[in-house]
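Here is a short briefing to read alongside the model. Please have the sequence and the 3D view open as you go.

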Amino acid sequence: MVDKTSGVPAFRQVAADLRERITAGQYAPGEKLPSEREMVDTYGVSRPTIREAVDLLRSEGVVIAEQGKGVFVRPPASIQRLARSRLSQAARAENKGAFLGDAAAKGFTPSSSVKVRFEPADQRTAEFLEIDPDTEVTVRDRVMRANGLVEQLAATPRSNRSTPARAAPTPAWKKPGTQSAGTPSTSAPACPHRKKPRRSNSARAHR
């Protein structure tokens, strides 16, 4: 149902709800949306409001309307990667780096959203960041969409405090007073080619 006290236009609330359902997979690509009559009953609004909501989704590239058949979820665009050029400084300078460059090449409408949350690090994250498990980390979730449909997800964890990396255990042969088998002594061996010091004349006289 639409919240008439929120201050948000009813058609935008309907469009937002449909968009969320599509993003969540409740309506799959190519699937037909409910009819106008069904949506009028679901949201408690008029037909013109439903049409405005659908028109908004069409302008965003989320749905397509086929005359006499209904409104369908638009299939995802085929993304064409631009190899190394999509990451070049020149492309970034023209605001065509990475995902934006792919959009310019293929002609789809790019969009993205970012959410930040805090959570304790699990074992895998802790090992990656070299921190203790359950240390609080900041996680940035980024969702990139092509014509309103999810195309790429990126999650980036980051430690919230400066924690030195855990030192690797000291090998047994490096510990004081220990030497493992097969490990050479730290003292330098005698060189077989080293010349012996000459004896002084006084030493020869006493022989």
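Two strands count as paired if DSSP finds at least two bridges between them. With that in mind, welcome to this predicted model.

- Strand β1, residues 63-66, is joined to β2 by four bridges, and the two run antiparallel.
- Across this pair, Val 63 stands opposite Val 73 of β2.
- β1 and β2 form a hairpin, with three residues between them.
- In the turn you will find Gly 68, whose phi is positive, at about 80°.

**The helix pair**
- Two packed helices are described by the angle between their axes and the distance between the axes.
- For α2 and α3, the angle is about 105° and the axes lie 9 Å apart.
- Because angles of 65 to 115 degrees count as roughly perpendicular, α2 is roughly perpendicular to α3.
- On the α2 side, the contact is made by Glu 36, Arg 37, Met 39, Val 40 and Tyr 43; they meet Arg 47, Ile 50, Arg 51 and Val 54 in α3.
- The residues of this contact divide into five nonpolar and four charged, with no polar ones.

**The second largest pocket**
- The second largest pocket holds about 170 Å³ of space.
- Its lining has 14 residues, and Glu 36, Val 54, Ala 65, Gly 70 and Val 71 lie nearest the centre.
- Elements giving two or more residues to this lining are α2 (36-43), α3 (47-59) and β2 (70-73).
- The most comes from α3, with five residues.
- By class, the lining of this pocket has seven nonpolar, five charged and two polar residues.

Key. Residues numbered from 1 in each chain as written. Predicted model: local features only at pLDDT ≥ 70, side-chain atom pairs only at ≥ 80, totals over all residues. Heavy atoms only, no water. 1 Å grid on protein atoms, 1.4 Å probe; cavity = no way out; pocket = protein on both sides within 12 Å on 5 of 7 lines; lining within 4 Å. Points joined across faces, edges and corners; volume = space filled by probe spheres on them. Nonpolar A, V, L, I, M, F, W, Y, C, P; charged D, E, K, R; others polar. Axes fitted to C-alpha atoms, helices over the stretch in contact; angles between N-to-C directions. Parallel < 35°, antiparallel > 145°, perpendicular 65-115°, else oblique. Contact = heavy atoms within 4.5 Å.
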